[in-house]
Amino acid sequence: MLLPYKSAIAMGLASVMIVNAAEPKIVSDAVASAEWMANALSSSGYKANFSLDSLREVDRFLDDQAPGGNPKPGGLLSQNRGVRLFALGAYVGEVIRRQAEGQWQGDDGDPKAEINLAVHLKSGAICWPVQRVMKRFKNGAEDGIYIYGIALVRP
């Protein structure tokens, strides 16, 4: 289960906050979380450069850290899972947003704002990257992140 997004900030993401008063806080939290996750993935040996190909690395990370939907004991998803899955979803959303000319949309009044966070693409498509990461975590490769990105960016 994800923690409320405000809890994610309290757990250390505040250090990378970029605040824009014109956008919902959940959106600025997602952008900051995506940057944080890119740095965390890179420091753990995964290529996280916001390219479409880097979504393969997200799949590899989930295969490594949660085989069969079960976090490895002592692994990177064994603690603070909600915060980390939110940040991973934010990274996926930011990759897709950059590659397909999209825009984040979120509602700070939504009690499930971090799960319902969406990216609206120039093509008209809408995606929910945090939800997809949660599905990938639970179901494995059948809900792959790379193929999800390809389908949205190169329809």
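Reply:

**The strand pair and its surroundings**

Strand 1 and strand 2 (residues 118-121) pair in the antiparallel sense over four bridges, where two strands count as paired if DSSP finds at least two bridges between them. Strands (E, at least two residues) and helices (H or I, at least four residues) are DSSP runs, numbered from the N terminus. This is a predicted model, in which local features need pLDDT of at least 70 and side-chain atom pairs count only at pLDDT 80 or more, while totals for chains, interfaces and linings use all residues. Residues are numbered from 1 along each chain as its sequence is written, and side-chain values use heavy atoms, with hydrogens and water left out.

Within this pair, Gln-105 stands opposite Ala-118 in strand 2. Strand 1 (residues 102-105) has a covered face, made of Gly-102 and Trp-104, and an uncovered face, made of Gln-103 and Gln-105. In a regular strand the side chains alternate between the two faces of the sheet.

Most residues other than glycine have a negative phi. Glu-101 is exposed, with a relative accessible area of 54%; buried means under 20%, exposed over 50%, and partly exposed in between, with a 1.4 Å probe and protein chains only. Asn-80, in the loop between helix 3 (54-65) and helix 4, also has a positive phi, of about 50°, although it is not a glycine, and at 35% relative accessibility Asn-80 counts as partly exposed.

Helix 4 (residues 81-99) packs with helix 6 (residues 129-139) at an angle of about 120°, with their axes 8 Å apart. Axes are lines fitted to C-alpha atoms, for helices over the stretch in contact, and angles run from 0 to 180 degrees between N-to-C directions. Helix 4 and helix 6 are therefore oblique to each other, since angles under 35 degrees count as roughly parallel, over 145 as roughly antiparallel, 65 to 115 as roughly perpendicular and the rest as oblique. The residues in contact (heavy atoms within 4.5 Å) include Leu-85, Phe-86 and Leu-88 of helix 4 and Val-130, Val-133 and Phe-137 of helix 6.
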